[in-house]
Amino acid sequence: MRNFVEFVCDKYDVEHTVSNGVDYLLNKIEEATSSITASTCIGNEYIKPPRKCVIKLIERNIERGHSGHEENNIIATEIINAGYRNKDIHFIFESIYNEAGADWGWYTSNPNTAGRQIEQIRSKALNRYSKDKLIQIGVCTEKCGCP
Ligand SMILES: [Zn+2]
């Protein structure tokens, strides 16, 4: 259950030990990534680090081994806009479904090749979900400190 948050920590060089709680780590990730938005670009797009409520959604879905279609769209647009490569996207969706490259369209059996849904999101350059939309769906709350 902690593996995904640790994966994100490693991505942003956030130190973590087994005694750190998830919320503590999510706040550290937020601190560590708050400066990234303004300085890093992929192509013409600014990289937007994943918001902590979406990281929590991913972690929840990994834990229950299931994710709905809209949740997958939320996750995919979030991590694509965060600049995650196919390998990372593969890791995340395979962790959720816990099966090798099934025909769900989100990942393939090859970690270097994206699923067709991911290709589509990339080719349309879809934005991640707005905070308002996330609140509507129940992924985010007014209290969440995410942008
Ligand atoms: Zn939020």
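**Figure 1. Packing of helix α1 against helix α2.** The axes of α1 and helix α2 (residues 22-33) come within 10 Å of each other and cross at roughly 25°. Axes here are lines fitted to C-alpha atoms, for helices over the stretch in contact, and angles run from 0 to 180 degrees between N-to-C directions. The two helices α1 and α2 are therefore roughly parallel (angles under 35 degrees count as roughly parallel, over 145 as roughly antiparallel, 65 to 115 as roughly perpendicular and the rest as oblique). Their crossing is left-handed; a crossing has this hand if the near helix is turned anticlockwise from the far one by less than a right angle, and is right-handed if clockwise. Val5, Val8 and Cys9 of α1 make the contact with Val22, Leu25, Leu26 and Ile29 of α2 (two residues are in contact if their C-beta atoms, placed from the backbone, lie within 7 Å). By class, this contact of α1 with α2 has 7 nonpolar, no polar and no charged residues. Ala, Val, Leu, Ile, Met, Phe, Trp, Tyr, Cys and Pro count as nonpolar, Asp, Glu, Lys and Arg as charged, and the others, Gly among them, as polar.

The model is predicted: local features need pLDDT of at least 70, side-chain atom pairs count only at pLDDT 80 or more, and totals for chains, interfaces and linings use all residues. Residues are numbered from 1 along each chain as its sequence is written.

**Figure 2. Packing of helix α1 against helix α4.** Helix α1 (residues 3-11) and α4 have axes that come within 9 Å and cross at roughly 140°. That angle makes α1 oblique to α4. On the α1 side, Phe4, Val5 and Val8 meet Ile55, Ile58, Glu59 and Ile62 in α4. The contact of α1 with α4 comprises 6 nonpolar, no polar and 1 charged residues.

**Figure 3. Packing of helix α5 against helix α7.** Helix α5 (residues 69-81) and helix α7 (residues 116-124) pack at an angle of about 55°, their axes lying 10 Å apart. These helices, α5 and α7, are therefore oblique to each other. The crossing in which α5 passes α7 is right-handed. Ala76, Thr77 and Ile80 of α5 form the contact with Gln117, Ile118, Ile121 and Arg122 of α7. By class, the contact of α5 with α7 has 4 nonpolar, 2 polar and 1 charged residues.

**Figure 4. The loop residue Lys48.** Lys48 is found in the loop between β2 (45-46) and α4 (52-64). Helices (H or I, at least four residues) and strands (E, at least two) are DSSP runs, numbered from the N terminus. With 18 C-beta neighbours inside 10 Å, Lys48 counts as partly exposed. A residue is buried if 20 or more other C-beta atoms lie within 10 Å of its own, exposed if 12 or fewer, and partly exposed in between, with C-beta atoms placed from the backbone. Lys48 and Thr33 are 15 residues apart in sequence, and their C-alpha atoms are 8.6 Å apart in space.

Figure 5. Asn98, a residue other than glycine, has a positive phi near 55°. Its place is in the loop between α6 (86-97) and α7. Asn98 is exposed, with 10 other C-beta atoms within 10 Å. Ala125, also a residue other than glycine, has a positive phi near 50°. Ala125 is located in the loop between α7 and α8 (131-137). With 11 C-beta neighbours inside 10 Å, Ala125 counts as exposed.
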